[in-house]
Amino acid sequence: MSTPTPLNTIFSWFEEGDMPTEYQFKQTFSSFRHLDDKIKMSDVTGLNEAFTNHQEDQNAHHSVLAKLNASNLTAANVEEWKEKLKIHLAATVDGDQEIGNVYKKEQIQEILNVFHIKDEEMLADIAKINAILISNDVNLDELQKIVDYIKENRQQIELLKETGLGNSSDDKINLVGSYSDWGAVSYQNKFNDLVYDKIKKIEDAANSEKIRHEEKVRGDSRIKHDLNTLSFVIDAYDTVTMFTVPLKVKRIDTNTIDVLFDSLPPNMIQLTIKKI
């Protein structure tokens, strides 16, 4: 681009009564940039410096973007990244700050050493048992009787074991009190079922009227809900920046509204409608 002509000079060529020459017209239009001319960054004063400073600014967009060293991530941000990247499903080893969920080689070797010791103790105990079995000790007859009893009554023993573990059935457990108003109920399992049904009916009755509706939108939208009201409050926020977003609401009927934004939101918007 040629050297531009100063504006005061151009203005003097086009004063009332003047007859601008071809040269003056050419100089006038040559003093301005045409739309076809691409503007280089170097042609804009301070743009290169501002761009470089922005690239090197570690706090640029720190409220919505993670830094390279992740120093601006909160504990909640870290957990959300782990969940998104499925890191919770990955195995980790011990570090300087945290404990992993897999064993290191040193830890595995320690466990194996314990097993080796237990194996040696078990082999010694087996040797002692074998020595006893080949003896003529009359007390072994009593031991054999106990073994035979266990074999014959294994089913009853298993039931006793389940009772000890808290897995026994209550279909034959008699109730201490009388609940004649609830019908012919005398066993614990039937009583439990009745109590559950009554609690469920109470909860269903309390929650029969819906008071909340949630939906995500990307711009102006018509929302269908089942709140059956024209009286409500509505909250809208950007799911990326987490900032509240202003919007206009038009009530179409008791179950339909239009939501309108001043401009097209850049991200998905979460809407929550609460009945008043």
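**View 1. Arginine 212, with a relative accessible area of 39%, is partly exposed.** The term covers values between buried (under 20%) and exposed (over 50%), computed with a 1.4 Å probe on protein chains only. Glutamate 214, at 44%, is also partly exposed, and forms a salt bridge with arginine 212 in which the closest N and O atoms are 2.8 Å apart; a salt bridge requires a side-chain nitrogen of Lys or Arg within 4 Å of a carboxyl oxygen of Asp or Glu. The model is predicted, so local features need pLDDT of at least 70 and side-chain atom pairs count only at pLDDT 80 or more, while totals for chains, interfaces and linings use all residues. Residues are numbered from 1 along each chain as its sequence is written, and side-chain values use heavy atoms, without hydrogens or water.

**View 2. Aspartate 258 and arginine 222 meet through their side chains in a salt bridge of 2.7 Å, N to O.** This pair links distant parts of the chain, 36 residues apart, with aspartate 258 in strand 5 and arginine 222 in strand 2; strands (E, at least two residues) and helices (H or I, at least four) are DSSP runs numbered from the N terminus. Aspartate 258 is buried, its relative accessible area being 14%.

**View 3. The largest nonpolar core has 12 residues, among them Val217, Ala236, Ile269 and Leu271.** Such a core is a set of buried Ala, Val, Leu, Ile, Met, Phe, Trp, Tyr and Cys residues joined through side-chain atoms within 4.5 Å. Two or more residues each come from strand 3 (232-238), strand 5 (256-260) and strand 6 (269-275), and strand 6 gives the largest share, 3 residues. Because 5 of its 7 residues are buried, strand 6 is largely enclosed by the rest of the structure.

**View 4. Strand 6 runs antiparallel to strand 1 (residues 212-217), to which 6 bridges join it.** Strand 3 and strand 6 likewise run antiparallel, joined by 7 bridges, where pairing needs at least two DSSP bridges between the strands. Isoleucine 269 in strand 6 is the bridge partner of valine 217, and isoleucine 269 is also the bridge partner of aspartate 238.

**View 5. Histidine 225 lies in the loop between strand 2 (221-224) and strand 3.** This histidine 225 is buried, with a relative accessible area of 7%. Leaving aside neighbours within four places in sequence, histidine 225 is in contact (heavy atoms within 4.5 Å) with residues including His213, Thr254 and Ile273.
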